[in-house]
Amino acid sequence: MYYSEIKKTDIADGIGVRVTLFVSGCNRHCKNCFNKETWSFTHGKPFTDEAQREIISALAPGFINGLTLLGGEPMEKENQRALLPFVRRVRELYPNKDIWCYTGCTLERDLLKEGAYRCEATDELLSLIDILVDGEFIEELKDLNLVFRGSANQRIIDMNKTRANGGIVLWDKQ
């Protein structure tokens, strides 16, 4: 897997100050995507052990709330496979920090059951994510007043409550 950027103090992509990893690779190609350069699966730099250590270290300060994954598309199968061991490690090292993931996938259609983005890593990766912002960016539904999302169709899903409830529970702070 390649990544486009690591932001060590991001305040736009989740609650509080976050470390954000922009993965490379996306087959969706949403109209007017804000990050078109990440469509290529080889854009940026390889996601090496050194890059992972850099993120792990950046997560250490107490003022960092957690990790955010975006892209590109973190839920492309090859990206899930590369992210799973890393996210597992983040969860083990920082159990009190939350993990957000932005995806153009829709949870029920693309990631659960027989969805097109499912692979052997999907269920465990989803189990490690606290907040999933799902849904493709749709230019015609763009709304600059929305919190932590770009278009009105996108949802902010509380994955912990969703797992406990057995059905989709939206994040209650939106």
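Predicted model: local features only at pLDDT ≥ 70, side-chain atom pairs only at ≥ 80, totals over all residues.
Helix H1 covers residues 49-58 and helix H2 covers residues 77-93. Their axes come within 11 Å of each other and cross at roughly 30°. Angles under 35 degrees count as roughly parallel, so H1 is roughly parallel to H2. The crossing of H1 with H2 is right-handed. On the H1 side, the contact is made by Gln-52, Ile-55 and Ile-56. On the H2 side, Phe-86, Arg-89, Val-90 and Leu-93 take part. Sorted by class, the residues in this contact are five nonpolar, one polar and one charged.

The backbone has a cis peptide bond, which joins Gly-71 and Gly-72 with omega at about 25°. Gly-72 belongs to the loop that runs between strand E4, residues 64-70, and helix H2. This loop therefore leads from E4 into H2, the helix that H1 passes in a right-handed crossing.

Two residues other than glycine have a positive phi. For Lys-113, phi is near 55°. Lys-113 sits in the loop between helix H3, residues 107-111, and helix H4, residues 122-128. With a relative accessible area of 72%, Lys-113 lies over the 50% cut-off and is therefore exposed.

For Phe-148, phi is near 60°, again a positive value in a residue other than glycine. The loop that holds Phe-148 lies between strand E6, residues 131-134, and strand E7, residues 155-158. Is Phe-148 buried or exposed? Its relative accessibility is 17%, under the 20% cut-off, so Phe-148 counts as buried. Both Lys-113 and Phe-148 are thus loop residues with positive phi, but Lys-113 is exposed whereas Phe-148 is buried.

The cysteines remain. A disulfide is a covalent bond between the sulfur atoms of two cysteines. How many disulfides does the model contain? The count is zero, under a rule that asks for a pair of cysteine sulfur atoms within 2.5 Å. Cys-119 shows how the rule applies: the closest cysteine sulfur to its own is that of Cys-105, at 11 Å, and this is too far for a bond. Cys-119 is buried, because its relative accessibility is 12%. Cys-26 is also buried, because its relative accessibility is 7%.

Definitions and conventions
Residues numbered from 1 in each chain as written. Heavy atoms only, no water. Buried < 20%, exposed > 50% of the residue type's maximum accessible area, 1.4 Å probe, protein only. Axes fitted to C-alpha atoms, helices over the stretch in contact; angles between N-to-C directions. Helix = DSSP H or I, 4+ residues; strand = E, 2+ residues; numbered from the N terminus. Parallel < 35°, antiparallel > 145°, perpendicular 65-115°, else oblique. Left-handed = near helix turned anticlockwise from the far one by under 90°. Contact = heavy atoms within 4.5 Å. Nonpolar A, V, L, I, M, F, W, Y, C, P; charged D, E, K, R; others polar.
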